[in-house]
Amino acid sequence: MLTSAPRGTKDILPSQTRHWHLIEQVIAQLCQEYGYEEIRTPIFEHSEVFHRGVGDSTDIVQKETYDFTDRGGRELTLRPEGTAPTVRALLEHKLYAGPQPVKVYYQGPMFRFGRPQKGRLRQFHQFGIEVFGATTAQVDAEVIAMAMDFYRRLGLKDIELLLNSIGCPQCRPGHREALQQFLEPQKEEMCQDCKSRFDKNPMRILDCKEEKCQKLSHDAPTTVGYLCDDCNNHFTEVKELLDAAGVEFTLDERLVRGLDYYTRTAFEIISKDIGAQSSIGGGGRYDHLVEKLGGPPVPGMGFGLGLERLLLTMEEQGLLETEKAEKRHIFIASIGEGTKTVAFGLMQTLRRQGLFVEMDYQDRSLKAQLKTASNRFQAPYVLIVGEGELEKGEVTLRAMNKGTQENIPLYEAPERLYALIQEDRDREKG
RNA sequence: GUGGCUGUGGCGAAGUGGUUAACGCACCGGAUUGUGGCUCCGGCACUCGUGGGUUCAAGUCCCAUCAGCCACCCCA
């Protein structure tokens with residue numbers, strides 16, 4: 001269909017862009033305050049970046065990537081997430097060679113091929129941050145706290161932070177084995193998906209949504225119980241730091257994130273107000289991703305927050321301004337030969353003073369012009385430029401809310417209007 | 001990728017096989033000659049997502065296709 005955007009994509013129309021601007025401003029401000037600098041990577045990468053980075057066994061790579069071959073025969077993929085590309089850039093430009101930790105943020109479109117539904121698009125936007133080169137719990141806590149701070153600044157209510165630690169390559173095998181042993185006797189009762197997870201990635205059985213699987217795994221060993229000393233200490237410290245910062249969280253031993261590269265801290269933020277796709281953001285530590293992509297052992301930690309889902313939540317919670325933004329201070333109506341030229345000049349003069357001015361562009365009747373001035377633009381003042389007035393070097397200044405009007409010399413108009421609008425502004429400020 | 005529901009003008013929405021496709025909002029115009037927000041009047045769908053088919057006759061039935069919504073999987 002020529003006249004509709006591709007499935008799962010959306011035009012962001014003027015009535016929506018203002019909300020995006022708001023979010024983008026908060027992002028820029030927040031990141032500046034927290035010491036993160038923006039990085040902009042291409043929206044597509046060599047497919048390898050995601051296969052090796054995100055992980056071949058993940059759903060994202062197995063069935064959700066937009067892959068294509070370019071005319072030069074290169075295998076490319078539209079980025080499904082922002083971490084792997086950021087790591088790639090880190091390596092390419094050897095950003096890790098400078099002062100550490102490296103703290104960067106990104107904001108932009110991501111692509112995943114899935115069936116669209118509420119809160120799920122094929123092209124969606126994420127705001128994410130990454131910290132490279134530090135393993136301490138303070139980094140984890142800062143990243144998490146920053147995500148919550150972001151939501152707080154936008155006024156979000158009723159969101160929940162879920163927290164877990166999924167261990168490292170040292171402690172995971174132990175857990176895996178214990179889990180398989182525990183589940184083995186009940187293997188036949190699990191759902192199809194979980195049966196296949198049993199060997200591939202048994203950890204994921206823990207957060208299966210099927211009721212019977214939840215029951216079966218209810219008392220199953222969780223990752224937290226098998227953490228090695230280092231991971232355990234790290235996790236404890238993260239929790240202490242969050243407490244110290246006044247960030248509330250819920251421990252969720254079943255939280256297992258879908259990307260292969262996570263280690264230790266994993267977290268997710270959910271909103272109850274936006275339907276089944278309740279996760280509005282998430283992240284975690286990934287201490288081996290950089291190596292996996294061929295770099296030196298540089299640890300990382302970050303988050304990715306979904307902007308459409310954020311907007312959905314804000315809309316649901318009544319946090320978005322719904323007032324139309326077309327308000328103008330002054331509307332210039334014109335009638336008769338040659339008046340448009342004067343009106344146009346006047347409009348530009350007024351605009352140069354910083355006023356919001358609009359005029360009629362279509363030779364409409366005065367009646368129609370006034371209607372537009374009051375209905376559409378809610379202009380408190382209308383300047384009427386007519387042949388009669390012009391002959392005397394005057395224009396009519398009409399105060400719309402009072403319904404009064406007077407003739408004033410044309411040359412005085414800019415000054416008069418500027419003063420009037422200033423007065424109104426002062427009055428609004430109280 | 002799987003399932004359910006839906007698809008009529010810019011938006012919302014009637015229409016359940018039969019002459020010219022209700023209505024509301026929005027938009028545009030008019031109610032005597034240059035004056036608004038209220039009221040009144042008028043205009044605005046050669047056409048019912050698209051393509052086939054059934055029928056004397058289809059927006060109304062059937063099939064396909066595309067899209068939207070919701071859910072599953074998974075995730076933002």
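**View 1. Cys 231 in helix 9.** Cys 231 belongs to helix 9, which covers residues 229-244. The model shown here and in the other views is predicted. Cys 231 has a relative accessible area of 0%. Buried means under 20% relative accessible area, so Cys 231 counts as buried.

**View 2. Surroundings of Cys 231.** Apart from neighbours within four places in sequence, the residues in contact with Cys 231 are Gly 167, Cys 168, Cys 171 and Arg 264. One of these contacts, Arg 264, is 33 residues from Cys 231 in sequence, and the C-alpha atoms of Cys 231 and Arg 264 lie 6.5 Å apart in space.

**View 3. Burial of strand 11.** Strand 11 is formed by residues 300-306. Because seven of its seven residues are buried, strand 11 is largely enclosed by the rest of the structure. Gly 300, Gly 302, Gly 304 and Gly 306 point one way from the strand, while Met 301, Phe 303 and Leu 305 point the other way. Residues pointing either way are buried.

**View 4. Pairing of strand 11 with strand 6.** Strand 6 (residues 123-132) runs antiparallel to strand 11, and seven bridges join the two. Within this pairing, Phe 127 has Leu 305 of strand 11 as its bridge partner. Leu 305 is among the buried residues of strand 11.

**View 5. Pairing of strand 11 with strand 10.** Strand 10, comprising residues 279-285, is also antiparallel to strand 11 and is joined to it by five bridges. Here Arg 285 stands opposite Met 301 of strand 11. Met 301 is buried and points the same way from the strand as Phe 303 and Leu 305.

How values were computed: Residues are numbered from 1 along each chain as its sequence is written. Chains are lettered from A and ligands numbered from 1 in the order in which they are written. This is a predicted model: local features need pLDDT of at least 70, side-chain atom pairs count only at pLDDT 80 or more; totals for chains, interfaces and linings use all residues. Side-chain values use heavy atoms; hydrogens and water are left out. Buried means under 20% relative accessible area, exposed over 50%, partly exposed in between (1.4 Å probe, protein chains only). Helices (H or I, at least four residues) and strands (E, at least two) are DSSP runs, numbered from the N terminus. Two strands pair if DSSP finds at least two bridges between them. Contact means heavy atoms within 4.5 Å.
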